[in-house]
Amino acid sequence: MPAKRLQIPTPDGQADAFAAFPDHGERHPGVLMYADGFGIRPALTEMARELAGHGYYVLVPNLFYRHGPAPVIELPEHIGEEVRPAVFARLMPLIEAHTTERVLRDADAYLRFLTARPEVSTGPVAVTGYCIGGLLAMRTAAARPGQVAAVAGFHGPVGADGPDSLAKITAQVHLGHAESDLTPEALGELNQALDAAGVDHTSEIYPGTAHGFTMADTDAFHPAALQRHWDRLLPLLGRTLTNG
């Protein structure tokens, strides 16, 4: 599976990124993948490779490129509960500095770069995200409704921007929530807001999961839930992206 390290021009500098794509020559639909707060690392690049193996060009930007290339902070091979507080203490200032204005400015640059790649086919793209990346995926879909045909967010604060933002989304949406992140009552409220906004969506709590369940290098990792994530994500992309 071909993979590249790339530099994406943005209004604020160069964002380093990882891209994975099929090794046969024709063009493939583009997917912008937003990492979780821990950023680009082997667990994330492996997921990008897995998705690319199903026929997609997958671009994973370093969200915190303004603070340095990925990994922006040193990470252990396994991010267990004993080290998680110290890691997040270093990450939170970066997350807090990543304002909505920055997110949308970067999203424009990422999508412009993605759609200009010679390996990417014409037509709409998809955006997927994990943890904070799920919120970024939703913001990107709301900001670029004519371009983003599918959006998926997993264990992320996807409803944080409220109903006005949801109403701008024209993409088909799947949201996979951690059981530890969302009560059934909160899920009902979110789904009512999605319905009221006219969003074509599926949104569900993945049973028995904790925040971060897709990430194989954390204590939250849940193999069955990761498979459920693929079982939801791949049909969504197949329905919405040309040649997916």
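Mentor: A crossing of two helices is right-handed if the near helix is turned clockwise from the far one by less than a right angle. Please keep in mind that this is a predicted model. In it, helix H3 passes helix H4 in a right-handed crossing.

Trainee: What makes H3 and H4 roughly perpendicular to each other?

Mentor: The axes of H3, residues 100–116, and H4, residues 132–143, cross at roughly 70° and come within 10 Å. Angles of 65 to 115 degrees count as roughly perpendicular, and H3 and H4 are therefore described in that way.

Trainee: Which residues make the contact between H3 and H4?

Mentor: On the side of H3 they are Thr100, Val103, Leu104, Ala107 and Leu111, and H4 contributes Leu136, Arg139, Thr140 and Ala143.

Trainee: Why are H1 and H7 called oblique to each other?

Mentor: Helix H1 (residues 42–52) and helix H7 (residues 223–240) have axes that cross at roughly 45° and come within 12 Å. Since angles under 35 degrees count as roughly parallel and 65 to 115 as roughly perpendicular, the pair is therefore oblique. H1 passes H7 in a right-handed crossing, and the contact is made by Met47, Glu50 and Leu51 of H1, together with residues of H7 including Trp230, Leu233 and Leu237.

Trainee: Turning to the aromatic rings, how many aromatic pairs are there?

Mentor: The count comes to 5 aromatic pairs, and one of them is formed by Phe21 and Tyr57.

Trainee: How do you know that the pair of Phe21 and Tyr57 is stacked?

Mentor: Two rings pair if their centres lie within 6.5 Å, and planes under 30 degrees apart count as stacked. The centres of the Phe21 and Tyr57 rings are 5.2 Å apart and their planes are at 10°, so the pair is stacked. The pair links distant parts of the chain, with Phe21 in the loop between strands S2 and S3 and Tyr57 in strand S4, 36 residues apart, and both Phe21 and Tyr57 are buried.

Trainee: Tyr57 is also in contact with Arg117; why does Arg117 count as buried?

Mentor: The relative accessibility of Arg117 is 16%, and buried means under 20%, so Arg117 counts as buried. Arg117 has its place in the loop between H3 and strand S5. Leaving aside neighbours within four places in sequence, Arg117 is in contact with Lys4 and Leu6 as well as Tyr57.

Trainee: Why is Asp36 called buried?

Mentor: Asp36 has a relative accessible area of 4%, and because the limit is under 20%, Asp36 is buried. Asp36 lies in the loop between S3 and H1, and among the residues in contact with Asp36 are Arg41, Tyr130 and Cys131.

Notes: Residues are numbered from 1 along each chain as its sequence is written. This is a predicted model: local features need pLDDT of at least 70, side-chain atom pairs count only at pLDDT 80 or more; totals for chains, interfaces and linings use all residues. Side-chain values use heavy atoms; hydrogens and water are left out. Rings of Phe, Tyr and Trp (its six-membered ring) pair if their centres lie within 6.5 Å; planes under 30 degrees apart count as stacked, over 60 as edge-to-face and the rest as tilted. Helices (H or I, at least four residues) and strands (E, at least two) are DSSP runs, numbered from the N terminus. Buried means under 20% relative accessible area, exposed over 50%, partly exposed in between (1.4 Å probe, protein chains only). Axes are lines fitted to C-alpha atoms, for helices over the stretch in contact, and angles run from 0 to 180 degrees between N-to-C directions. Angles under 35 degrees count as roughly parallel, over 145 as roughly antiparallel, 65 to 115 as roughly perpendicular and the rest as oblique. Contact means heavy atoms within 4.5 Å.
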